[in-house]
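Please read the points below alongside the sequence and the model, taking them in order. They begin with a single residue and then widen to the chain as a whole.

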Amino acid sequence: MPLDGISGSLDAAAQAAALAANPTSSRSQTMDSEVFMKLLVTQLRNQDPSSPMDTNQMIGQQTQLAMMEQITNQTTTANEGFSLQMRMAAANLVGKQVSYTDAASGKAVTGAATAVSYAESVPTVTVNGKEVDLDVISGISTTSGS
């Protein structure tokens with residue numbers, strides 16, 4: 001696809017042709033290793049033979065790609081760890097008295113946590129028959145019977 005030399009944007013006709021050739025592709029805002037390798041191969045294929053690409057520059061780009069992949073992996077691992085912590089925290093609330101502020105009335109509500117659901121991205125805790133997001137709960141105490 002030809003790029004406009006000044007702005008670096010795709011030519012409208014080339015963009016339309018690319019979408020027609022691959023209608024299932026969606027525009028991604030992230031650059032993954034596959035895109036990077038395609039760009040690198042295209043750059044090498046179209047370089048001026050009298051002025052080849054500097055190997056130091058190529059190594060630098062490969063290093064940047066490796067760093068980007070490691071950061072992506074660390075972010076994924078951190079997100080998975082945080083999700084696990086939220087699930088464990090929600091499970092530990094069962095059988096305890098919890099407090100939260102009801103969004104509809106603005107009043108503080110206290111009740112026993114009786115169940116946990118992991119169906120949504122944020123676990124929900126059942127308090128007095130109502131499902132409450134974990135991040136809404138503002139206080140925890142053990143029940144007097146424990």
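1. Thr126 has a relative accessible area of 15% and is therefore buried, since buried means under 20%. Please keep in mind here, and in the points that follow, that this is a predicted model.

2. As for its setting, Thr126 lies in strand β3, which covers residues 124-127. Once residues up to four places away in sequence are set aside, Thr126 touches Ala112, Ala113, Thr114 and Ala115, and also Glu131.

3. Glu131, one of the residues that Thr126 touches, also belongs to a patch of negative charge on the surface, where it gathers with Glu120, Asp133 and Asp135.

4. Asp135 is found in the loop that runs between β4 (130-133) and β5 (137-142).

5. Turning to the whole protein chain, there are three helices and five strands, and their order along the sequence follows the pattern α-α-α-β-β-β-β-β.

6. Of the 146 residues in the protein chain, 16% are buried, and Thr126 is one of the buried residues. The accessible surface of the chain comes to about 10,700 Å², with 56% of that area belonging to carbon and sulfur atoms.

7. Finally, when contacts in the protein chain are taken between residues at least 6 apart in sequence, 39% of them join residues at least 24 apart.

Methods: Residues numbered from 1 in each chain as written. Predicted model: local features only at pLDDT ≥ 70, side-chain atom pairs only at ≥ 80, totals over all residues. Heavy atoms only, no water. Patch = residues over 30% accessible without salt bridge, like charges linked within 9 Å, V, L, I, M, F, W, Y side chains within 5 Å. Areas by Shrake-Rupley, 256 points an atom, 1.4 Å probe, with all protein chains shown as cover. Salt bridge = Lys/Arg side-chain N within 4 Å of Asp/Glu carboxyl O. Lys, Arg positive; Asp, Glu negative; His and termini not counted. Charge placed at Lys NZ, Arg CZ, Asp CG, Glu CD. Helix = DSSP H or I, 4+ residues; strand = E, 2+ residues; numbered from the N terminus. Buried < 20%, exposed > 50% of the residue type's maximum accessible area, 1.4 Å probe, protein only. Contact = heavy atoms within 4.5 Å.
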